[in-house]
Amino acid sequence: SHAAPAQPGPTSGAGSEDMGTTVNGDVFQEANGPADGYAAIAQADRLTQEPESIRKWREEQRKRLQELDAASKVTEQEWREKAKKDLEEWNQRQSEQVEKNKINNRASEEAFVKESKEETPGTEWEKVAQLCDFNPKSSKQCKDVSRLRSVLMSLKQTPLSR
C-alpha cells in the first residue's frame, strides 16, 4: 500500500534502455556491457582465461598428483598388509610364549610346594637361601639388598639357637 512517486519519462517498453530501468520508483542505469547475464559471465571467463603454458602446467600437475595419489594408496595398502601379517605373527609368538611360561610356572610351583612340605629340622635357613638370589649382578633394577644377603648368609652358616 505504498505508492511509488511518479517519475518523468518512460518506465517500461521500447524506450527503457535509453533512460534506464525503473524499480520501485528508482531509475537504474544499465551497466556497460551485454544485457544478457550469461553473456556477461562468458565475457568475464574470456578476460580471466589463463595463458596456454599455465593451463598445460595445471593439467600436468593434476596428472602428476593423481599418479602420486595412486602410488601412495598402493604403498599404503602394502604397508597395511605387512603390518597385519606382522601383528598376526607377533600374536602367535606371544601366545606360544605365554603357554611356555604357564607350563614352566606350573612345574616350578609344584616343585616349590613339594619342597616346602618337606620339613626337616635345621634346614629352614637353607630353604630361605635357596629362595633368595645371591648373585648381585643378576638383578640390576632391584634395590640394594646386600645387607640382607650378608645377614642370611651368616644365619645359614651359624643358625640361631632356640
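The legends below describe close-up views of a predicted model.

In this model, local features need pLDDT of at least 70 and side-chain atom pairs count only at pLDDT 80 or more, while totals for chains, interfaces and linings use all residues. Residues are numbered from 1 along each chain as its sequence is written, and side-chain values use heavy atoms, with hydrogens and water left out.

**View 1. The chain and its elements.** Five helices and two strands make up the secondary structure of the chain; helices (H or I, at least four residues) and strands (E, at least two) are DSSP runs, numbered from the N terminus. Read from the N terminus on, the order of the elements is α-β-β-α-α-α-α. Of the 162 residues in the chain, 4% are buried, where buried means under 20% relative accessible area, exposed means over 50%, and partly exposed lies in between (1.4 Å probe, protein chains only). The chain exposes about 15000 Å², and 54% of this area is supplied by carbon and sulfur atoms. Accessible areas come from the Shrake-Rupley method with a 1.4 Å probe, and for residues only the protein chains shown count as cover. Among the contacts with a separation of 6 or more, 21% join residues 24 or more positions apart; a contact means heavy atoms within 4.5 Å.

View 2. Side chains of opposite charge can pair when their charged atoms come close. The structure holds five salt bridges, each defined as a side-chain nitrogen of Lys or Arg within 4 Å of a carboxyl oxygen of Asp or Glu. In one of them, the side chains of Glu 59 and Arg 62 meet at 2.8 Å, N to O. Both residues lie in helix H3, three residues apart, about one turn of the helix. Glu 59 is partly exposed, with a relative accessible area of 33%, and Arg 62 is partly exposed at 38%.

**View 3. The salt bridge between Glu 76 and Arg 80.** Here the side chains of Glu 76 and Arg 80 form a salt bridge with an N to O distance of 2.9 Å. The two residues are four residues apart in helix H3, about one turn of the helix. Glu 76 counts as partly exposed because its relative accessibility is 40%, whereas Arg 80 counts as exposed because its value is 53%.

**View 4. The salt bridge between Lys 82 and Asp 86.** The side chains of Lys 82 and Asp 86 meet in a salt bridge of 3.1 Å, N to O. These residues are separated by about one helical turn because they are four residues apart in helix H3. Lys 82 is partly exposed at 47% relative accessibility, and Asp 86 is partly exposed at 35%.

**View 5. A nonpolar surface patch.** Phe 112, Val 113 and Leu 131 make a nonpolar surface patch of about 290 Å². Phe 112 belongs to helix H3 (residues 52-117) and is partly exposed, at 44% relative accessibility. Patches are made of residues with over 30% relative accessible area and no salt bridge; like charges are joined within 9 Å, and nonpolar side chains (Val, Leu, Ile, Met, Phe, Trp, Tyr) within 5 Å.

**View 6. The contact between helices H4 and H5.** The axes of helix H4 (residues 124-131) and helix H5 (residues 146-157) come within 9 Å and cross at roughly 145°. From H4, the contact is made by Trp 125, Glu 126, Val 128 and Ala 129, and from H5 by Leu 152, Leu 155 and Lys 156. Axes are lines fitted to C-alpha atoms, for helices over the stretch in contact, and angles run from 0 to 180 degrees between N-to-C directions.
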